[in-house]
Amino acid sequence: MIRHYGSSEGVVVNDGALFFDPITEMPDHVKNRKTSKVPFHVALTATDAPYNKWQCRVMYYWYKQQKKLPGSEMGGFTRILHSGNPDNLMDEIPTVVVDPLPVGLDRGYIVLNRPWAFVQWLEKTKIEEEYVLMAEPDHIFVRPLPNLAYGGHPAAFPFFYIRPDENEKIIRKFYPEELGPVTNVDPIGNSPVIIRKDLIAKIAPTWMNISLKMKEDPETDKAFGWVLEMYAYAVASALHGVRHILRKDFMLQPPWDLETNKKYIIHYTYGCDYNMKGELTYGKVGEWRFDKRSHLRGPPPKNLPLPPPGVPESVVTLVKMVNEASANIPNWDTS
């Protein structure tokens, strides 16, 4: 039995399951479904590198600030440390230690440890929440985050650079034509994603295997590069018949996104370079800059200088939030 709720909503119900066409907003009947909170567990994959540690500390600080505010459905928190050994943040951040991939298997692409980390964490840990947010160290919560998922439909951020439709030849190596159109593969990565834990428990082993197969295939490795593991998650989800609600408001990425208004997470993966007139000089080191890669060996200093006038609000907010965290986290200079 198939029931249509109207093409403008982009939703089809097939045997009781909701299938979303790629959309940026949930239909009203989905938005207004809730009568009670549906908490999710925040799961952060990380290494023990100093560069990773200070980002985790900032991320956890802002999780604690936003969790207690109205509108939040954030539950517990786990840093999944995939270095194989405890580190000096075990008492500061709730942490589960898992093993890295066997030596050489990641072929120098450390992100391949992420799906393997989730497989191990889901096998060895029991959490009370029914949903999980898969997050990364360079995420900062700018406001309280509700559960954006709906039943068997996870919520994800659509990345402009993840284009299954433009890479159909490669996608078909892992998602055969008989399984359906290539548009069944969502334009997403694994993070940020809010997903029911039984679904990620099914998807994670496939995600790991697809990641390794993609890395072993020279054509795929060359085409996908540093976003290979993101494509692997998208394909693995499609292989399990899981479609995501696409939420552009889930995250913003300075310097390209200019405002934090009505967004939930800052992802500071890009360097922010400006001259003193407030003009972006991307690709060229600016007179003023904030780039997480400037702090590979330890945390940035406290009280970073704010950007010059004219720089977008998103960048100003990012630096202010890093400064507030560093001012309030004990022993900030510890690496």
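Strand E7 and strand E10 (residues 193-196) pair in the antiparallel sense over four bridges, where strands, of at least two residues, and helices, of at least four, are DSSP runs numbered from the N terminus, and pairing requires at least two DSSP bridges between two strands. Within this pairing, Leu-133 stands opposite Ile-194 in E10. The model is a predicted one, in which local features need pLDDT of at least 70 and side-chain atom pairs count only at pLDDT 80 or more, while totals for chains, interfaces and linings use all residues. Residues are numbered from 1 along each chain as its sequence is written, and side-chain values use heavy atoms, with hydrogens and water left out.

E7 and E10 belong to an open sheet of seven strands with mixed pairing, in the order E6-E5-E4-E7-E10-E9-E11.

E4 and E5 run parallel and are joined by six bridges, with Val-42 opposite Phe-77 in E5. Together, E4, H2 and E5 make a right-handed β-α-β unit; the term applies if, with the strands pointing away from the viewer, the path from the first strand over the helix to the second runs clockwise. Eight of the eight residues of E5 are buried, so this strand is largely enclosed by the rest of the structure. Buried denotes under 20% relative accessible area, exposed over 50%, and partly exposed the range in between (1.4 Å probe, protein chains only). E5 also pairs with E6 in the parallel sense over three bridges, and Ile-80 stands opposite Val-96 in E6.

Val-98 is found in the loop between E6 and helix H3 (113-124) and is buried, with a relative accessible area of 1%. Residues touched by Val-98, not counting those up to four places away in sequence, include Ile-80, Leu-81, Ala-117 and Trp-121.

Asp-138 is located in the loop between strand E7 (131-135) and strand E8 (139-141) and is likewise buried, at 4% relative accessible area. The side chains of Asp-138 and His-267 are joined by a polar contact of 3.2 Å (a pair of N or O atoms within 3.5 Å; within protein, one must be able to donate a hydrogen and the other to accept it, and residues adjacent in sequence count only if both atoms are side-chain atoms).

The structure holds 18 aromatic pairs. Rings of Phe, Tyr and Trp (its six-membered ring) pair if their centres lie within 6.5 Å, with planes under 30 degrees apart counted as stacked, over 60 as edge-to-face and the rest as tilted. Tyr-63 and Phe-77 form a tilted pair, 4.8 Å centre to centre with 50 degrees between the planes. This pair links Tyr-63 in helix H2 to Phe-77 in strand E5, 14 residues apart. Tyr-63 is buried at 4% relative accessibility, and Phe-77 is buried at 6%. A separate aromatic cluster is formed by Phe-157, Phe-159, Phe-160, Tyr-161 and Trp-226.

Key:
Contact = heavy atoms within 4.5 Å.
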